[in-house]
Structure formats: C-alpha cells, structure tokens
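Dear colleague,

Please find the structure below, handed over for your own work.

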Amino acid sequence: MFQYVFGRNEHELKNDLNKLYEVRNKQSFGTTFSVNGYIVRSLGEKLILENLIKLNIEFFYDKFYPDQKKFKYDFYLPKFDLYIEYFGMCNVKITEKNKKIIEKYIRKSEQKMDLCLEKNYNFLFSSEIDEVLTYIYNL
C-alpha cells in the first residue's frame, strides 16, 4: 500500500474515515459541526470543507444553484466550475422513524441531479466520502 495518498499519509486518511464511520453510526438528524466559521450538516461535509481549506481550493458552501431558489448545493468550486453534492444521508440506516425523511431526501437528491443534467453543470454527486475526498485531491 502507498504510504501517501494524494498528499496525505495512510494514517491520516484512515483516521478521517474512522471518525466518519464512528459518528455516522451515532449521528442523529440535525447534527451540525463548525469549521472556520461554517456550520455544516454532517461529518462528511465537515471533512470535505476541511480538505478544501487545507488544499487552498476556493469554494462556496450551501448556496442556491444559479437562476433558481429551490435547491442549494453543498459545495461549488469556481476554479473548476464544479458542484459537489455529498449525499451522506443515503448511508443512514432506514427505520420507521426516519423513513419519510430519507424518502424525501432521495427525491430531492434526484431532482438536484436532474437540474444539473438539464443545465449541463459539471457535478460530482456521491454518497461515499472517500470518493469525494479522492476526487478533490486529484483536482
């Protein structure tokens, strides 16, 4: 195995992923984290934000897609004209208590994807944090 992956050693990557999986199993809806003045809605978004800052990549967070006021994106990277959506709730175990929330979330996620396809936006949509982080480190 490589000692460094995209500028980070194996221990750092595993540590971030272990934190994510640990918290994902305990996380309830509405959990927020603060990073450099940003309030994010999940540990996955926190990891993305921290890495964008670490890599000095300019971004906008939680703003409306252009020319509409219905959907907000998670991240937009202007240098790459790229929208990033991290669908972390797709990994949450569905229970009777959260079933309607998850179904609504999935419908909204599909609508966001349709919007990006219709407008021909460059986008990365993923429910896998390691996939998003790998993509960011390869920009």
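β7 and β8 run parallel and are joined by 5 bridges; strands count as paired if DSSP finds at least two bridges between them. Helices (H or I, at least four residues) and strands (E, at least two) are DSSP runs, numbered from the N terminus. Within this pairing, E85 has F125 of β8 as its bridge partner.

Some conventions apply throughout. The model is predicted, so local features need pLDDT of at least 70 and side-chain atom pairs count only at pLDDT 80 or more, while totals for chains, interfaces and linings use all residues. Residues are numbered from 1 along each chain as its sequence is written, and side-chain values use heavy atoms, with hydrogens and water left out.

The sheet and its helices

β7 and β8 belong to an open sheet of 4 strands with mixed pairing, in the order β5-β6-β7-β8. The edges are formed by β5 (60-61) and β8 (122-126), each with a single partner strand, so one side of each has no neighbour in the sheet. Helix α2 packs on the sheet and touches β5, β6 and β7, where contact means heavy atoms within 4.5 Å. The direction of α2 makes about 20 degrees with that of β6; axes are lines fitted to C-alpha atoms, for helices over the stretch in contact, and angles run from 0 to 180 degrees between N-to-C directions. Helix α3 (residues 99-119) lies across β7 and β8, at about 160 degrees to β8.

In the chain as a whole there are 4 helices and 8 strands. Of its 139 residues, 37% count as buried, that is, under 20% relative accessible area, with exposed over 50% and partly exposed in between (1.4 Å probe, protein chains only).

The nonpolar cores

A nonpolar core is a set of buried Ala, Val, Leu, Ile, Met, Phe, Trp, Tyr and Cys residues joined through side-chain atoms within 4.5 Å. The largest has 21 residues, and I48, L52, F75 and I84 have the most contacts inside it. At least two residues each come from β3 (33-35), α2 (43-54), β6 (75-77), β7 (82-86) and α4 (129-137), with α2 giving the most, 5 residues. Apart from this core lies another, of 11 residues, including Y65, F71, Y76 and C116.

Aromatic rings

The structure holds 14 aromatic pairs. Rings of Phe, Tyr and Trp (its six-membered ring) pair if their centres lie within 6.5 Å; planes under 30 degrees apart count as stacked, over 60 as edge-to-face and the rest as tilted. Y73 and Y76 form a tilted pair, 6.0 Å centre to centre with 55 degrees between the planes, and both Y73 and Y76 are buried. F123 and F125 are also paired, with centres 4.6 Å apart and planes at 50 degrees, so this pair is tilted. F123 is partly exposed at 28% relative accessibility, whereas F125 is buried at 13%. Ring pairs also link F60, Y65, Y73, Y76, Y83 and Y121 into a cluster.

The end of the chain

L139 lies in the segment after α4 and is partly exposed, with a relative accessible area of 36%. Leaving aside neighbours within four places in sequence, L139 is in contact with I57, L77, F80 and L82. L139 and L55 are 84 residues apart in sequence and 9.9 Å apart in space, C-alpha to C-alpha.

With kind regards
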